[in-house]
Amino acid sequence: MRSNLLASTLFLAALSPFTAAMAQSSGGAPDPAILTPERVFANPSLAGPVARGVSLSPDGELVAFLRSREDDVDVLDLWAAPTGEGEPFKLIDARALVPDAGELSEAEKARRERMRISQRGVVEYSWDQQGRYILAPLEGDIFLAERAGGAVRRLTETEADEIDAKVSPQGNFVSFVREQDLVVLDLNGNRETAVTTDGDGLITWATAEFIAQEEMNRDTGYWWSPDERYIALQRTDESTVDIIPRLDITGGGARVIEQRYPRAGRPNAVVELFVHDRESGRRTQVDLGENRDIYLARVDWSADGRTLYVQRQSRDQKTLDLLSVDPATGASRVILTRTSDAWVPLTDDFKPLDDGRFIWSSEETGWRHLYLYERDGTLVRPITHGPWPVKSLNGVNQQTGEVFFTASFGYAQRPEGVTGGHSACPLPGGRVTMCAVQGERPIIQRLWRASLNELRQATPVTSDGGWWSASMNRTGTAFVGNYSDLDTPPQSGLYRADGTFVRWIEENRLDEDHPFWPYAARRQTPTFGTLDSHGEMLVWQMTTPPGFDPSRQYPVVMQVYGGPSGGGVKQGWQGASNQLLTEAGYIVFRLDNRGEGDRSAAFKQALYLRMGQPEIEDQVLAANYLRSLPYVADDRIAMMGWSYGGFMSLMALTEPDMGLASAIAGAPPTEWSLYDTHYTERYMSTPELNAAGYAASDAIPRLPNLTGRLLLMHGMADDNVILENSTRVIDALQASSIPFELMLYPGQRHGVRGNERQLQQWRTYLDFLDRTIGSRAPAAQD
């Protein structure tokens, strides 16, 4: 049954304070230039000088970050800045060290695809725990920058790629994977030692398997102990995984890739864990239990290196065990277990402390919160509490007992002793104090501080409004704060742990020198609001075209992702591509439906076993709300999305209640049995156990219900959502003589990369929208 329509406005501004100030200023206001696709996909980037991958040295005295080159936005250099006096300086110039970047290996291409890395140059780096070195892989080889003096030393120069390189914790070794084996380089004698030698074919050492990289947010397959004695490393055997032949089609031809791809309900790779003892050279297997059909979810060392902690997830993902492992013998025991009737989410919230205790998160209350445990898994106390979820654990200051985390919620004051009612938040022991009566505020995010030593209400570290993320140093005394809001492009600054500003890393001020400045006067500020669906609050945002006249009617583009993610509606800087749509005369609308966003367990689990059903119900609710607005042309609404958003666009275009005039579906999963195990089974179980759910989410039987025109797009080398997902739609539409439009991208994987191709992509978007809902659409011409 469809929920009642309830709309409430959270924020409304026809003209932002920044834009209004510019409009009223004299002499400094930019000409109202119209943003074009040609400018969006050109150098320098309109985002301005955005620092990427920012991290503090362990002692908090130096900040390292990646910055795009002005002459090529797709190439990154490594920069550094002192946290005190002094200007930022370039530490590694990618073009100077490797002028002619060669072809990456297939393994490295796949790894970067999993990590969503599209640039070249210095795309990742790491510190040793002493802060003496920064290690930077560059185009398949490894470079080491010495902090004292800034000298850059080339460590490898081989035909093979060295991947997943790390400096050991105390800075004595560099490790990396070369041709499926783990190698350790002694920095003192420059000697290489092969830790493994039998990596070949379907056997790989020390590399996260496909599923771990793509779906489990685990990009590595080996872990140093703090004292450098041990290395925990995984062994992967892919012989059990089905071969899914796929065509890798480029502009110069095609080849068949025999890809090992674990589809839903089919066998996974066999993953084992070992511990290599550097002193004895002995390798010991870790006891992960008798059941081999499990997931190696996370691996962490205790602070003293005496214990290896392993998170073991069941195949159905309803159980997550924390194992305590003796690294000398490989013996393990379960010290904590998380369970769920749907799925137990994986996080990076596990934090071992110096005194042997550890922090870990749980959703046992229905909200993700942090808890403190003894070494043996005994609960000490909750650290956070309330009707809102922790987004991430960002740092711990063990000297002061402060725990830092990001979350989206707000407090209201209540006197001590108030009880009862929704506004009271009782804490364990019956005490009631200031509580989160406002609960969730999903469109903002802040850094907060709680106590390790006692349960008390968290206090904010960063300012309210906008969107904050943070990266803390190891001691929890300082952090790099990344911030944006509706008027502020992404900026990075250094802050003390109490939130005191120290210095800019990249201020990225929007002024006359900023590349976006000529187009800022026509930038429109979104309106935010909510809809109610089955008792859940859905947040939305809407942006109107320049010169918006509420007495006129406008076509609408509904942007969608819709699947499990961090959500897309937020009070942060809006990308330049959004402005391309408003400049073309469209209202741009986005709704975070049930299942999308870091919200309560119930909100996320609404789609369990029913992917494509509650999400579409909520998007129908949004379409009905749009049609209730007098300035919306109700027969000219389109939807566009990529990946899960492409699936949503197809499902919405075949839903009569949506009544879409057109939709753009990019790289859509069209039958979930074609997608991988860990993602699909988490939400849908297996095709055998949930046949009805899989059938209901299959796009093919729905195609005769198309309510408007379809533009289907896909990369012809996609190794994630393989091209078969689209070819089956192409075949079905042709077999039914149903017209549609198609754009394929030779050589492109799950995303379209590079300015030239993205320019073509957006020209195609705008042309299609113009012909179906815009000025050239039949409805507009009548």
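A residue is called buried here if its relative accessible area is under 20%, exposed if that value is over 50%, and partly exposed in between, with a 1.4 Å probe and protein chains only. By that rule Thr-677, His-678, Tyr-679, Thr-680, Glu-681, Arg-682, Tyr-683 and Met-684 of α10 are buried. This is a predicted model, in which local features need pLDDT of at least 70 and side-chain atom pairs count only at pLDDT 80 or more, while totals for chains, interfaces and linings use all residues. Residues are numbered from 1 along each chain as its sequence is written, and side-chain values use heavy atoms, with hydrogens and water left out.

**Helix α10**

- Helices (H or I, at least four residues) and strands (E, at least two) are DSSP runs, numbered from the N terminus.
- Helix α10 (residues 677-684) is largely enclosed by the rest of the structure, because 8 of its 8 residues are buried.
- Those buried residues pack, through contacts (heavy atoms within 4.5 Å), against α5 (210-215), β22 (294-301), β23 (308-314), α9 (644-653) and α11 (691-696).
- The N-terminal end of α10 is capped by Asp-676, a side-chain oxygen of which lies 3.1 Å from the backbone nitrogen of Tyr-679, and after the helix comes Ser-685, with a positive phi near 60°.

**Nonpolar cores**

- A nonpolar core is a set of buried Ala, Val, Leu, Ile, Met, Phe, Trp, Tyr and Cys residues joined through side-chain atoms within 4.5 Å.
- The largest such core has 79 residues, and Phe-358, Met-558, Phe-589 and Leu-626 are those with the most contacts inside it.
- Not counting residues up to four places away in sequence, Leu-626 touches Met-542, Val-556, Met-558, Phe-589, Val-632 and Ile-637.
- A second, separate core of 33 residues includes Tyr-519, Ala-638, Tyr-745 and Val-752.

**Ser-484**

- Ser-484, which lies in strand β37 (residues 478-485), counts as buried because its relative accessibility is 11%.
- A polar atom of the Ser-484 side chain lies 3.1 Å from the backbone nitrogen of Trp-573.
- Leaving aside neighbours within four places in sequence, Ser-484 is in contact with residues including Gly-466, Trp-467, Pro-489 and Trp-573.

- Two strands pair if DSSP finds at least two bridges between them, and 4 strands form an open sheet with antiparallel pairing, in the order β11-β12-β13-β14.
- Its edge strands, β11 (162-167) and β14 (191-194), each pair on one side only.
- Strand β13 (residues 181-186) is joined to β14 by 4 bridges, and Asp-186 stands opposite Arg-191 in β14.

Note on methods: A polar contact is a pair of N or O atoms within 3.5 Å; within protein, one must be able to donate a hydrogen and the other to accept it, and residues adjacent in sequence count only if both atoms are side-chain atoms.
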